[in-house]
Amino acid sequence: MSTPPVVEVSNLRKSYSGRTVVDDISFTVAEGEIFGILGPNGAGKTTTVECVEGLRVPDGGRVRVAGLDPVADHAAVTRILGSQLQESELQAKLTVREALELYAAFYPDPADWRQLAERLGLTARLNTRFGVLSGGQKQRLFIALALIGSPRVVVLDELTTGLDPRARRDTWEVVEEIRARGVTVLLVTHFMAEAQRLCDRIAVIDQGRITALDTPSGLIARSAGSTVISFTPSAPLDDEQLAALPALVSIEHKDDRITLAGSDETVNAVISLLVRNHITAHQLRVTDATLDDAFLDLTGANR
Amino acid sequence: MSTATAAPRRTSPYVAVLRAEARLMSREPGILFWAVGFPPLLLVILGLIPAFREPSAGLGGLRTIDVYVPVLVLTAIIMTGLQTMPPVITGYRERGILRRMSTTPVRPAALLSAQMVLTGGIALGSAIVCLLIGRLVYDVRLPQQPIAYTFALLLTTAGALAFGALITAVARTAKVAAAIGSAVFFPSLACAGMWLPVQAMPDLMARIVTLTPFGAAAQALGDAATGAWPAWSDLGVVAAWALVLSAAAMRWFRWQ
């Protein structure tokens with residue numbers, strides 16, 4: 001694997017009036033990859049991708065898209081990078097068709113806007129003005145506009161915010177199709193399910209720094225407790241004995257129910273502990289931790 | 001899609017933007033009415049006043065309506081430049097439309113120039129309608145120095161658009177832009193001679209007013225209308241204002 005990365009960010013820094021928003025962020029995105037940037041609100045996700053899009057000038061560090069500087073070579077970068085911005089609008093009285101035609105005219109080798117409209121379920125709305133579209137329809141139009149220049153890289157910022165679950169799933173399929181055609185995707189999200197389903201790798205950002213960068217399953221495995229054991233014991237259990245369990249990460253009591261986070265090793269140990277004490281475990285559940293758990297763990301948002 | 005890939009005709013991005021903006025403008029009947037319809041309408045109403053159609057000694061034998069045609073020509077230009085354009089462009093910036101555009105190969109400047117071409121076109125169109133109504137309905141003579149008049153008119157339009165661009169640059173929101181536009185609109189009209197033609201102003205006042213962009217424009221257009229070549233000082237004042245205002249607009253304009 002010697003193909004150079006399509007997106008390179010190294011030691012990126014950005015602050016707004018003295019407040020550091022992005023603090024030494026580095027990552028690379030390989031051609032054809034779906035790379036997720038995940039983090040709580042205000043973590044610096046959008047600022048990071050805006051530096052990649054050339055909308056903001058970094059205070060420090062280096063950003064390259066296909067070897068080009070998004071600020072100095074802005075014109076060249078706009079031809080290979082499509083953007084769906086978190087907050088933007090179009091002229092209220094422009095129709096969907098006019099918007100697609102207009103943006104198609106901006107690019108040297110545009111995609112067929114009719115096909116795009118069809119894939120994004122906008123065909124019935126072609127003559128509707130932007131101002132009266134629903135939130136989901138606007139979002140889908142912006143996805144279409146991000147793709148209309150046949151880009152090599154697309155940046156999708158808060159892709160499915162404001163979409164209903166059905167539209168969200170449809171949109172995910174569109175992203176998978178985009179990737180199937182070899183387009184690299186940089187996806188900003190705070191939806192775990194979205195990141196888990198779509199991303200090849202995820203950078204978790206918290207307070208302007210990357211706290212973890214791995215595949216979704218890697219993140220789950222590396223987060224403190226990859227296995228969650230919960231049960232209601234038939235008799236009270238000694239906390240000290242629980243605390244001594246191997247690979248244990250956390251203990252939670254809720255009413256009579258005990259929830260432990262740990263690993264497979266913890267599961268075996270809990271069972272022998274229960275057997276030794278002649279305690280029955282009611283409603284015993286052993287589940288894999290989800291990306292949610294990993295996320296809370298990695299961003300410290302559960303404190 | 002069919003096998004015969006009918007390669008879509010390539011439209012120049014600038015033409016595409018201009019076309020889209022023209023369509024959008026045509027969907028704003030309110031704006032179009034004020035910009036295109038108001039000055040001619042006012043001219044028709046003023047001409048209905050019998051006294052305005054009588055020669056007046058105070059105006060050197062001219063009729064009031066003769067003096068008002070150039071004033072309304074100027075009104076059309078001032079109105080579109082100061083009041084029509086700034087809220088539109090500021091609104092585009094406020095709602096992130098310019099920002100979205102700056103992520104494409106087309107610079108947002110394309111949108112600005114399209115707006116200027118359209119607004120300038122509307123202003124000139126409205127001005128020509130005023131001249132024609134004056135000629136056809138009230139028998140006001142057409143400008144006697146057509147070349148000088150056209151030149152002065154284009155220069156004035158450039159000045160008004162530059163003024164509008166500066167308002168766009170300093171106003172954060174469309175509402176503020178509209179407010180500033182209105183605030184400078186009435187003094188501009190006064191300079192242009194809406195209430196007292198520059199030619200009829202007391203000497204000192206006229207001298208001050210002809211240092212303002214629209215006062216000088218009124219003077220230059222007035223001269224060209226009566227057949228004299230406008231004073232270079234008046235044309236120079238208009239041109240200087242156009243340059244200074246454009247430079248200031250470029251200096252302070254923000255895309256986002």
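Reader: Which domains does the domain assignment of chain A give?
Author: Happy to start there! The bounds come from an automatic or database domain assignment. For chain A it gives domain 1 (7–214) and domain 2 (222–299).

Reader: What kind of model is this, and how are its parts numbered?
Author: Residues are numbered from 1 along each chain as its sequence is written, while chains are lettered from A and ligands numbered from 1 in the order in which they are written. Side-chain values use heavy atoms, without hydrogens and water, local features need pLDDT of at least 70, side-chain atom pairs count only at pLDDT 80 or more, totals for chains, interfaces and linings use all residues, and the model is predicted.

Reader: How far apart are the C-alpha centres of domain 1 of chain A and domain 2 of chain A, and how many residues does each give to the contact?
Author: The C-alpha centres of the two domains of chain A lie 40 Å apart. Counting contact as heavy atoms within 4.5 Å, domain 2 of chain A gives six residues and domain 1 of chain A gives 14 residues.

Reader: What area is buried between domain 1 of chain A and domain 2 of chain A, and what share do carbon and sulfur atoms give?
Author: Buried area is the accessible area (1.4 Å probe) that two parts lose on being put together, summed over both. Between domain 1 of chain A and domain 2 of chain A, the buried area is about 840 Å², and carbon and sulfur atoms give 70% of it.

Reader: How many salt bridges does the rule find across this interface of domain 1 of chain A and domain 2 of chain A?
Author: The rule asks for a side-chain nitrogen of Lys or Arg within 4 Å of a carboxyl oxygen of Asp or Glu. Between domain 1 of chain A and domain 2 of chain A, the number of salt bridges is zero.

Reader: Which elements of chain A each supply at least two residues of the side of domain 1 that touches domain 2?
Author: Helices (H or I, at least four residues) and strands (E, at least two) are DSSP runs, numbered from the N terminus. On this side of domain 1 of chain A, the elements are helix 7 (192–198), strand 8 (201–206) and strand 9 (209–214).

Reader: Let's turn to the two chains. How many residues does the contact take from chain A and chain B, and what area is buried?
Author: The contact takes 27 residues from chain B and 32 residues from chain A. Carbon and sulfur atoms give 55% of the area buried between chain A and chain B, which is about 2700 Å².

Reader: Which residues of chain A lose the most area to chain B?
Author: Three residues together make up 23% of what the chain A side buries. They are A:Gln91, A:Lys93 and A:Phe106.

Reader: How many salt bridges does the rule find across the interface of chain A and chain B?
Author: One example is B:Arg99 with A:Glu50, whose closest N and O atoms are 2.8 Å apart. Across the interface of chain A and chain B, the number of salt bridges is four.

Reader: Which parts of chain A does the salt bridge of A:Arg152 and A:Glu31 tie together?
Author: The closest N and O atoms of A:Arg152 and A:Glu31 are 3.1 Å apart. A:Arg152 lies in the loop between helix 5 and strand 6 (153–157) of chain A and A:Glu31 in the loop between strand 2 (19–29) and strand 3 (34–38) of chain A, so the pair ties together parts that are 121 residues apart in sequence.

Reader: Which element of chain A has the lowest mean pLDDT?
Author: pLDDT is the predictor's confidence in each residue, from 0 to 100. Chain A averages 88, and helix 3 of chain A has the highest mean among its elements, 96. The lowest mean, 74, belongs to helix 11 (residues 291–299) of chain A.
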